[in-house]
Amino acid sequence: MKIIKKDTVHPLAVITKTKNTFLKKVAKYSIEDISKNLKDIETLRKNLEFAVLSEKRKIEYNPYDFDPKDDKEFWGKIDLKLQNKNSNIKELKNLLNKIINRYVNEIYSPYSRIKYKLLKAITTLGIKIVYKPFTFFPFGKNKKNIFDYANIIGNLDLINKLSNKTTMVLLPTHSSNFDSLMAGTSIFYLNNFLNSNIKMPVYGAGFNLFEYKVYKYWISECGMYNIDRRKKNRIYLDTLRIYYESLMMKGCNSLFYPRGGRGYDGSLETTLKYGLLGTPFKTQKFSYEVNGKKSKKIILVPLVISYESIFEAESLIKKHLDKYLSKDELKKKKIGISTILRKIYILMKRVSGVRAVFGKPMDVLGNLVDENGDSYDKDGNKIDLYNSIINKEFSKEENLEFLKSLEDKIIKQYHKFNYIFTGHIFAKAAFNLIEKKYNNLSQEEFWKIDYKKIRFKNDDLKKEVINLETKLSNLKNPPMLDPKIKKIKESKSIEEFIQGLGAFHEKRPLVIAERGLYKTENLKLLFYYANRLKTYDI
């Protein structure tokens, strides 16, 4: 298929050119918004004092080498002025102004189109190296592109039609450090193969990444804004939220992980963090207030990323099971040259699959939208979103109810568009057989069993897989099953169905032992990959 080239201006490029104007507006909005909630002098003073206290603790107990050089001096001056208990509200608001302006400049990161294009090329190459089989003959008639291995599927046509009409908030599942690369690759696919016009989403990256020079001087200028997770005070968190809202108001598509951090046990999301979840609603409402009905619609796009093998799976599952494991098992192994070479060899030799599945786009209230961006309720009735939210004011309880409802809708989509590889269902089948055998053991006892002696019969595994497939297919909201699962019943051997499962690990979750028998080389990893089905009622 012909690749369609585009030369579009990213909103971040405009923001970078007008940096001072943009940051002044963000600071102005932040001061106005924060001041609404800090009306009386005592509340304002307490929040200022807490901000100073948390900053001084950060400087003393958790400093970074790349923190602003004047950090100690700046917060010392603010602290000194706060010690004057006779300060009036005007003087305190002046201190608030200074703090917010400092925070806004810390959050800001410039955008470089050249660096971004280079990063996109390297990202594509990285995905190819990991998921495309290695060959010494990469050219010729049978040459395949990255998307033959890293498949992008789901509601692509609908998202394509909405790409010019809306501002998108991408909501990926989060299980691997590769997720951001896969999300970016998915947008690249839509733009270059389906003629979409989706500007690459911006997302928050940890300030701690400045420790790495490659990030500080290069990656940080490729569509990110900085988040300092050491800062927990209300003034910083509200400023960060308003900065994010301002990016959306400027037409920036964005990405954040509703789960927060990566899941440790390999399962899908069942709860979400509420921090940024309500921000698209607030931004849409503000946009309607400023620009009226013609405002660009903000839509939420769930994205489920499913891997047959995850590089960091072993370290993640150890964190999940840490209370059941010995110190030796939790101890980090030293990585020498031989280990690195062995891992490179495994990466080159083995093949594993990945799917990025786009869910159904929703408006900021969680209603499904059509190709024109029009909203529909659960009964299929068209909704006037403008009139639904323009005068909407949530109480604290109503806001929690709204966020819970939105959380439920996103999680439902995650489960519906979760792609189950053949390896996942075999991992679940094998782990079920082990659990049945040792069902009388406590968790502490279970994780001490000698699993290396356990053997699975080919027919027993197939029988359990067929049972699981039937249960999954009969669910009211079934996941997406790999079409190859249907072929398992007629197949004599299961080896072809588990080749990609945990392929990047030296000791794999499920391998052939001897003819007709299979074994696990790592019970923890078997548990991790089995958990891809954990949250279904089967």
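**Entry 1: strand β2**

I began with strand β2, residues 166–172, in this predicted model. I found seven of its seven residues buried, so I note β2 as largely enclosed by the rest of the structure. I then looked up which way the side chains point. T166, M168, L170 and P172 point one way from β2, while T167, V169 and L171 point the other way, and all are buried. I recall that side chains in a regular strand alternate between the two faces of the sheet.

Next I looked up the partners of β2. With strand β6, residues 297–307, β2 pairs in the parallel sense over seven bridges. I located V169 opposite L300 in β6. With strand β5, residues 254–255, the pairing of β2 is again parallel, over two bridges. There I recorded L255 as the bridge partner of L170.

**Entry 2: the sheet β8-β9-β10**

I turned to an open sheet of three strands, ordered β8-β9-β10, and noted antiparallel pairing. β8 (368–369) and β10 (382–383) stand at the edges with a single partner strand each, so one side of each is left without a neighbour in the sheet. I followed β8 to strand β9, residues 375–376, and found antiparallel pairing over two bridges. In this pair I placed L368 opposite Y376 of β9.

**Entry 3: the sheet β12-β15-β14**

I looked up another open sheet of three strands, in the order β12-β15-β14, with antiparallel pairing. Its edge strands are β12 (456–457) and β14 (511–514), each of which pairs on one side only. I traced β12 to strand β15, residues 517–519, where the two pair in the antiparallel sense over two bridges. I noted K457 opposite L517 in β15.

**Entry 4: helices α12 and α20**

By class, I listed seven nonpolar, one polar and three charged residues in the contact of α12 with α20.

Key. Residues numbered from 1 in each chain as written. Predicted model: local features only at pLDDT ≥ 70, side-chain atom pairs only at ≥ 80, totals over all residues. Heavy atoms only, no water. Pairing = 2+ DSSP bridges. Helix = DSSP H or I, 4+ residues; strand = E, 2+ residues; numbered from the N terminus. Buried < 20%, exposed > 50% of the residue type's maximum accessible area, 1.4 Å probe, protein only. Nonpolar A, V, L, I, M, F, W, Y, C, P; charged D, E, K, R; others polar.
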